[in-house]
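Colleague: Could you take me through one part of this model in detail, please? I would like a close look at the place where the two chains meet.

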Amino acid sequence: MIGIVLVSHSEALANAAMDLALQMVHGARPPIRIAAGAAGGFGTDATAIASAIDDLATADGVLVITDLGSAILSSSLALEIRSSTHQVVISDGPFVEATTAAVVGAAAGGSLADIAADASNALSAKKTQDETGQVSSSVEDTGPGSPVVSAEERLINPMGLHTRPASLLVQMAGEFSADIELTNTSSGRGPVNASSVIGLLSLGANKNDRIRIDASGSDAPQAVNAVKELVLEGFGELS
Amino acid sequence: MSETLTMDAIQQWLHRFASEITTQADWLTELDSAIGDADHGTNMVRGTGAVVAKLNARATGTLQELLKAVGMTLVSSVGGASGSLYGTFFLEMGRNSPSGVQLNASELEKALRAGVDGVVARGHAAVGDKTMIDALEPAITTLSHSLADGRQLHDSITAAAAAATTGRDSTEPLVARKGRASYLGERSAGHIDPGAASSAILVAALAASVGEGTAG
């Protein structure tokens, strides 16, 4: 599991962002360290960031998530003065959204590269919600030779595919080796990879939207069934 | 004749920097209250005070060790962008200093150039962005030109300090393009940049210390 370092000018802000993100995690929590504040006030401290990174030296890489300007500057200095040598990526994603994407992705066992991409792209879901039409989404080629198993279901939970169900889906997707993609066929958004909470949110899927599930890989039938079940159960949100 | 800057002169420089920062702390904070979060004076007093404490506590080592210790102290005690930027300045200076306990004029020039380049690389700022670089870049350029013209180290550093002051004043009409002040846009114009002001103090303190520690 990758580790996460939250770099903020404010310790209260970092703690709140961490708690908010951890609400989405229902199993093992990823290791998280907070490097926030400087000299007893608002600010960022490169030496504190460096020791937070060093503290996570046994993780499978570390994603550093930053708030305002100098947080990035201090983090880049921290990479120079740290004593560990494991892989570290400084995210350019927005603080709260990137923290959520990273915590959920890390808990689901995602790789540093995938989670870093997800965190960096974390504003896209918010942008999708603002717009009323054209969304450019990346269509990935599943590749020839891998048979695709598909199903299509209607969302029945009142809030649609919001963050909690999306993170449940990400965790479930992590249990299968199959590549799972979801498309909102009602709006034409997608397909997006089911291992990305931000991708799933960018579907902007509301109640009654139809969702197509495509999976390819050795356990694709089981994966499609599992996702279908989750949708049919309303992600456990039906009262 | 070769002029050499001793460890004593470097320590003098740092002590003088600290005392000048303390003297001008209210002004630095006032500048920062116009376009920032009103803590530059306080932060720099805390940081340079920690440097002085470090200098007083440590045994004399090499120049590289001294400058590295100064850099790390500033990083952890100033806080925020200023801590990382001043820290980077001294860390890069140390990395690019000779291994012994003194610097000749061209070695000092090389170390200072590396320090300024480090700040540029860290903050991605250029002259005209209303930052420390507006004072530091003209200072190091002036120093290089003056030394190349065959002038003495003391005269050259003095000219560099004057260039830093001119550079500091040049930030007044500028619109900030880097750092927290950049969020203010046009409203940042009409005020001297606090980082450029403390940088000019840094160069002036060096000029005042060069005469004392040079040996012919």
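Modeller: Happy to! Between chain B and chain A, three residue pairs are in polar contact, counting pairs with both residues at pLDDT 80 or more. On the chain B side, α4 (63-78), α5 (80-95) and α6 (105-123) each supply at least two of the residues that touch chain A. Of these, α5(B) gives the most, with eight residues. Sorted by class, the side of chain B that touches chain A has six nonpolar, seven polar and five charged residues.

Now for the interface as a whole. In total, 18 residues of chain B are in contact with 16 residues of chain A. The area buried between the two chains is about 1,300 Å², and carbon and sulfur atoms give 60% of that area. Charged side chains also meet here, with two salt bridges found across the interface of chain B and chain A. One of them joins A:Glu80 to B:Arg122, at 3.0 Å from N to O.

Chain A averages a pLDDT of 87, and 91% of its residues score at least 70. Residues 130-143 of chain A, however, stay under 50, and the model has 13 contacts beyond four places in sequence for that stretch. Where pLDDT is low, the predicted coordinates should not be read in detail.

Technical notes: Residues are numbered from 1 along each chain as its sequence is written. Chains are lettered from A and ligands numbered from 1 in the order in which they are written. Side-chain values use heavy atoms; hydrogens and water are left out. Contact means heavy atoms within 4.5 Å. Buried area is the accessible area (1.4 Å probe) that two parts lose on being put together, summed over both. A salt bridge is a side-chain nitrogen of Lys or Arg within 4 Å of a carboxyl oxygen of Asp or Glu. A polar contact is a pair of N or O atoms within 3.5 Å; within protein, one must be able to donate a hydrogen and the other to accept it, and residues adjacent in sequence count only if both atoms are side-chain atoms. Helices (H or I, at least four residues) and strands (E, at least two) are DSSP runs, numbered from the N terminus. Ala, Val, Leu, Ile, Met, Phe, Trp, Tyr, Cys and Pro count as nonpolar, Asp, Glu, Lys and Arg as charged, and the others, Gly among them, as polar. pLDDT is the predictor's confidence in each residue, from 0 to 100.
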